[in-house]
Amino acid sequence: MTAQSCPRQHCATTMDSAALEPTLYTVKAVFIVDNDGNRLLSKYYDPELYPSMKEQKNFEKNVFDKTHKADNEIAFVEGMTIVYKSSIDLFFYVVGSPQENELMLMAVLNCLFESLSLMLRKNVEKRTLLDNMDGVFLVVDEIIDGGVILESDPQQVIEKVNYRVLQSAKEQIKWSILK
């Protein structure tokens with residue numbers, strides 16, 4: 001792909017030394033869509049990647065169109081490395097830069113899926129996901145912060161999420177007693 005054929009400037013094939021330097025900012029985006037390609041959750045960690053909601057949704061649609069019938073686990077779309085997984089009526093995506101390690105991105109994807117599976121008692125489908133969206137956001141936030149991978153062990157993620165949920169419940173009980 002040449003720089004002229006790529007619509008985005010960051011997709012140029014010429015690599016300078018800055019692009020190869022190691023960084024903690026591994027994940028560019030995470031999103032979950034239903035089996036029609038409709039967004040259920042998305043978090044973009046690179047504000048320059050797709051700055052507007054319209055660009056993000058176009059990217060997600062493009063990724064979904066190229067992956068929903070494929071039998072692979074990895075794709076390269078618009079110059080980005082994408083790992084993905086499907087379950088019943090959901091598709092899970094983790095997006096990284098072109099030179100990102102696919103194994104690191106797959107570890108994030110597997111942690112996300114397994115954490116949600118534990119949280120939703122192995123019932124990872126659209127309805128239960130939507131009913132527990134607050135917990136889903138907590139899971140994503142425990143795994144990734146600002147594009148940096150914080151955790152890849154689903155048990156640790158669930159313990160942290162449960163602790164946060166317990167703390168919130170204790171606060172609500174405390175305030176209801178005081179009233």
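A: The account below concerns the sheet and the elements around it.

This is a predicted model, in which local features need pLDDT of at least 70 and side-chain atom pairs count only at pLDDT 80 or more, while totals for chains, interfaces and linings use all residues. Residues are numbered from 1 along each chain as its sequence is written, and side-chain values use heavy atoms, with hydrogens and water left out.

The pLDDT, which is the predictor's confidence in each residue on a scale from 0 to 100, averages 83 over the chain, and 78% of the residues score at least 70. Over residues 1–18 pLDDT stays under 50.

The secondary structure comprises six helices and seven strands. Here helices (H or I, at least four residues) and strands (E, at least two) are DSSP runs, numbered from the N terminus.

Five strands form an open sheet in the order 2-1-5-4-3, with antiparallel pairing. Strand 2 (39–44) and strand 3 (74–77) are the edge strands, each pairing on one side only. From one strand to the next, the twist averages 20°. Axes are lines fitted to C-alpha atoms, for helices over the stretch in contact, and angles run from 0 to 180 degrees between N-to-C directions. Strands of a sheet pair through backbone hydrogen bonds, either parallel or antiparallel. Two strands are taken to pair if DSSP finds at least two bridges between them.

Strand 1 (residues 27–34) is joined to strand 5 by seven bridges, and the two run antiparallel. One of the bridge partners is G96 in strand 5, which faces V27 in this pairing. Five bridges join strand 1 to strand 2, again with antiparallel strands; V30 has K43 in strand 2 as its bridge partner. Strand 1 and strand 2 form a hairpin with four residues between them, and G37 in the turn has a positive phi of about 85°.

Two helices can now be placed against these strands. Helix 2 packs on the sheet, touching strand 1, strand 2, strand 3, strand 4 (80–87) and strand 5, and its direction makes about 115° with that of strand 2. Helix 3 (residues 102–119) lies across strand 1, strand 3, strand 4 and strand 5, at about 30° to strand 4.

Rings of Phe, Tyr and Trp (its six-membered ring) pair if their centres lie within 6.5 Å; planes under 30 degrees apart count as stacked, over 60 as edge-to-face and the rest as tilted. By this rule there are seven aromatic pairs. Because F64 lies in helix 2 (residues 53–67) and F91 in strand 5 (residues 90–96), the pair ties together parts that are 27 residues apart in sequence. Both F64 and F91 are buried, where buried means under 20% relative accessible area, exposed over 50%, and partly exposed in between (1.4 Å probe, protein chains only). F31, Y44, Y50, F59, Y84 and Y93 form one aromatic cluster.

Finally, M133 belongs to helix 5 (residues 133–143) and counts as buried, because its relative accessibility is 16%. Apart from neighbours within four places in sequence, M133 is in contact (heavy atoms within 4.5 Å) with L40 and L41. The C-alpha atoms of M133 and L40 are separated by 9.0 Å, although these residues are 93 residues apart along the chain.
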